[in-house]
Amino acid sequence: MDDPYHNNLNQQVTEGGEYTYTQDVGGQDGYPYQTDYPPQDEDARSDATEGADDDEQMYEGEYQGIPHPDEIKEARRAARLEARRKARQAAQQEEEEENLPEQYEAIMEDCGHGRFQWMLFFVLGLALMADGVDGFVVGFVLPSAEKDMCISNSDKGLLGLLVYVSMMVGALVWGGLCDKMGRRKCLIYVLTIDLVFSFLSCFAQGYGFFLFFRFCSGFGIGGSIPIVYTYFTEFLQMDKRGEHLSWLCMFWMLGGLYASFTAWGIIPHYGWGFAIGTEFQIHSWRIFILVCLFPALAALVGVIFMPESPRFLLESARHDEAWMVLRQVHDTNWKAKGEPERVFTATNIKTPQTQEDEFIEIQSDTGTAFQRWTVRHMTMLSGLYVSVCISYHGLGVWFPDMIKYMQYEEYESKVKVFHRERVEHFHFNFSLVNQIHREGEYIHDKFANIEIKSVKFEDSLFENCYFEDVRSTSTFFENCTIKNTVFYNTDLWQEKFKDCRMENTTFLHPKKGCHLNFEVENDIVIYMVSFLGSLAVLPGNIISALFMDKIGRIRIIGGSMLVSSACTFLLLLSFSQGAVICWQCLFYGTSVAAWNGLQVISVELYPSSKRYTFGILNGICKFAAILASSIFAAFIGITKIIPIFLAFAALVCGGLVALKLPETREKILT
C-alpha cells in the first residue's frame with residue numbers, strides 16, 4: 001500500500017553520501033533538512049512512530065541525547081534567576097552584618113551598665129588575679145623548693161623556663177578555642193586545669209612530678225588573659241569599655257600583692273608544715289601554693305553561675321540563647337536600679353551567617369582588604385607586645401637579681417680571713433659565719449651544736465676532731481687533710497669535701513641530701529621588693545582607667561612607653577639596694593598604663609570571630625618574656641649598660657609604633 005506522506009518525499013543523494021529529502025506541500029517546494037542516517041524501511045518507520053499522538057511531532061534529536069532548544073533556554077533562564085537570588089542574598093547578608101554591630105550596641109545601651117556587669121567584673125577579676133598569682137609562685141617557692149628537692153642550678157633554670165613556655169602554649173591554644181567553644185566554657189576549663197595541677201604540685205615529692213604539674217598548671221592559666229578580656233568586653237557598651245577594662249587590669253596587680261604578702265607571711269615559718277611518715281614532707285612553701293589557689297577557686301565558682309557571651313552566641317547562630325542572656329542582663333540591671341517594670345524591647349536580633357575562618361594572606365597584593373588590614377595591624381601590635389615584654393619582664397628579672405647581687409657583694413666585702421691559725425683542745429660552741437680559713441691546723445677540737453654558714457676551709461688539717469649536730473650552709477672543705485675524725489649527725493657529706501684526703505675518718509648518722517634552712521633561704525627583702533613593685537602600679541592603673549576614654553588608647557600607650565623609657569636611664573644611678581627599689585617602683589608605675597592600653601585595643605581592633613588573635617599576641621608576649629629574662633639575667637654582675645639600653649630602645653620603638661595604630665575609642669565592636 002502506498003504511503004501518501006512518503007510519496008511526497010523526493011530522495012536525493014549528495015556527493016558525501018548523505019541523503020536529502022524534500023517535501024512537497026500543496027505543490028510548493030518544502031524545506032530541506034539533513035540527517036546522517038540512511039532511509040528506513042516502511043516497517044521500521046512504522047515501529048518508530050508507533051504509539052505517538054498524531055497531534056505531537058517528535059523532536060528528531062531526542063534519541064541521540066541532544067537537548068531541545070527550549071530546554072536550553074529554560075536552563076539559562078533558571079541560571080540567571082539563581083545568580084540574581086544569590087546576589088540579593090549576599091547584599092542582604094552584607095547589610096545585616098553591617099547593621100549587627102550597631103544593633104548589638106543599641107541593645108547593650110538599652111540593657112544599661114549596672115549590677116550584672118559589676119558581678120561579672122569581680123568574677124573575671126578573680127580569674128585575672130589567679131593569673132597574676134601564678135606569675136609569682138615559682139619565683140617565691142624556688143629558694144625553698146631547690147633545697148627541699150635537691151634541685152640543681154640547671155634544673156632550677158629549667159623550671160622557670162617551662163612555666164613560661166606552658167603559659168605561652170596555653171595562650172595560643174585557649175585563645176583560639178574560645179572563639180569555637182565559647183568564652184565561658186573555655187574559662188571554666190582553664191581554671192579547672194590550673195586548680196587540679198596546682199593542687200597536685202603541692203604534694204609532689206620528686207622534682208620530675210613537680211615540674212610536670214607546674215607545666216600543666218601554666219598551660220591552663222596561660223589562657224585566662226585573652227578569654228577574660230574578650231568575655232568582659234562583649235558585655236560592655238562603647239562608652240564604658242576603656243575605663244572598665246582598665247579597672248579590670250588592676251586585678252593582675254592584686255594577684256602580685258596577694259602572692260607577695262602571703263609568701264612573706266607563710267614561707268619563712270618552718271613550723272607551719274607537717275610530715276606524713278619519713279618520706280612525705282609538707283613544708284610551708286607547699287602550704288603557700290595551696291593558699292595561692294583561693295583566687296582561682298573563687299573565680300571558678302563564680303564563672304559557673306555566669307552566662308555565655310551573647311555576642312558569641314549570635315556569632316554561633318544561637319539566637320534564642322543570646323536573647324535570653326541579653327534579657328537577663330537587662331532585667332538584672334534595671335531591677336537593681338529600682339525600675340523592674342522596664343521591658344526588654346529587643347524582639348528581632350539579626351544573626352550573621354556563619355562561615356569558616358579564612359586563611360589570612362601575608363602578602364600585601366593578595367587576600368581581601370580586611371585580611372591585609374588584619375595582618376598589618378596584628379604585625380604592629382605584635383611589635384608593641386614584644387617591646388613592652390622585653391622591657392617589663394626583662395627588668396622584672398633584673399631588679400631582684402640585681403638586689404641579690406648587691407647583697408652578695410656586700411656580704412663578700414665583710415668576709416673574715418684566717419691564715420695559718422693553730423687551734424688545739426678547743427670547743428667550738430658558737431656559729432662560724434662568712435669566714436675563710438687557709439692552712440689552719442685543728443688538733444683535738446670539738447664542733448658541737450653549731451651552724452657553719454658560708455665558711456671555706458682551704459689546705460687545712462683536722463686531726464682527732466669531733467663534729468656533732470652541725471648544720472652547714474655554703475660550707476666547703478677544699479684540699480684538706482682529715483685524720484682520725486668523727487662526724488656524727490651532721491650534714492657534712494661527700495659534696496662538701498673537694499679534693500680532700502681522708503685517713504681513718506668516720507661518718508655516723510649523716511644527714512644526706514638537701515635540707516631547708518628557712519632563716520637563710522627566705523630573705524624578706526625579696527618579698528618586699530615584689531610587694532612594692534606590685535603596689536607601685538596602682539597610680540598608673542588609676543590614671544589609665546580615668547583617662548582611657550578621654551584621651552584615647554593610642555596616646556595612653558605611646559605616652560606611657562616614652563615616659564617609662566626615660567625612667568630607664570635612672571637605673572644607671574642604681575648604686576644601692578634602696579635606689580634599685582625606688583627606680584623599680586617608678587618604672588612599674590609609668591609602664592603599666594601601656595599594658596592596660598594594649599589589653600583594651602587588642603580586643604577592640606578585631607571582630608568577634610577573630611578575637612583568637614588576642615591569644616596569639618599573648619603567646620608572642622610570653623615568648624618575648626622568655627628571651628628577655630634570659631638576656632637580662634646574663635648581664636647581672638657584668639654591666640648595667642646593655643640591659644638598660646635594650647629596655648630603652650624597645651620602649652622608644654614601641655612608643656613610636658603605637659602612634660601608627662588606629663584609635664578605637666569610638667569604634668563599635670564588629
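How many salt bridges does the structure hold? Please walk me through some of them, and then their surroundings.

Modeller: Happy to. A word on the model first: it is predicted, so local features need a pLDDT of at least 70 and side-chain atom pairs count only at pLDDT 80 or more, while totals for chains, interfaces and linings use all residues. Residues are numbered from 1 along each chain as its sequence is written, and side-chain values use heavy atoms, with hydrogens and water left out.

Now your question: the structure holds 13 salt bridges. By that I mean a side-chain nitrogen of Lys or Arg within 4 Å of a carboxyl oxygen of Asp or Glu. The general idea is that side chains of opposite charge can pair when their charged atoms come close.

Let's start with Glu 234 and Arg 183, whose closest N and O atoms are 2.7 Å apart. Glu 234 sits in the loop between helix H8 (224-233) and helix H9 (238-266), and Arg 183 belongs to helix H6 (residues 183-203), so the pair ties together parts that are 51 residues apart in sequence. Helices here are DSSP runs of H or I with at least four residues, strands are E runs of at least two, and both are numbered from the N terminus. Glu 234 is buried, at a relative accessible area of 0%, and Arg 183 is buried too, at 1%.

Next, go to helix H13 (residues 319-336), where Arg 327 and Asp 331 are 4 residues apart, about one helical turn. Their side chains meet in a salt bridge at 3.5 Å, N to O. Arg 327 is partly exposed, with a relative accessible area of 38%, and Asp 331 is partly exposed as well, at 32%.

While you're looking at charged residues, two have a backbone worth a glance. Most residues other than glycine have a negative phi. Yet Arg 420, which is not a glycine, has a positive phi of about 55°. Arg 420 lies in the loop between strand S6 (416-419) and strand S7 (422-424) and is exposed, with a relative accessible area of 60%. Asp 469 is also not a glycine and has a positive phi, of about 50°; you'll find Asp 469 in strand S13 (residues 466-473).

Finally, the surroundings. The protein chain has 20 helices and 19 strands, and buried residues make up 46% of its 670 residues. Counting contacts (heavy atoms within 4.5 Å) with a separation of 6 or more, 63% come from residues 24 or more positions apart.

Methods
Buried means under 20% relative accessible area, exposed over 50%, partly exposed in between (1.4 Å probe, protein chains only).
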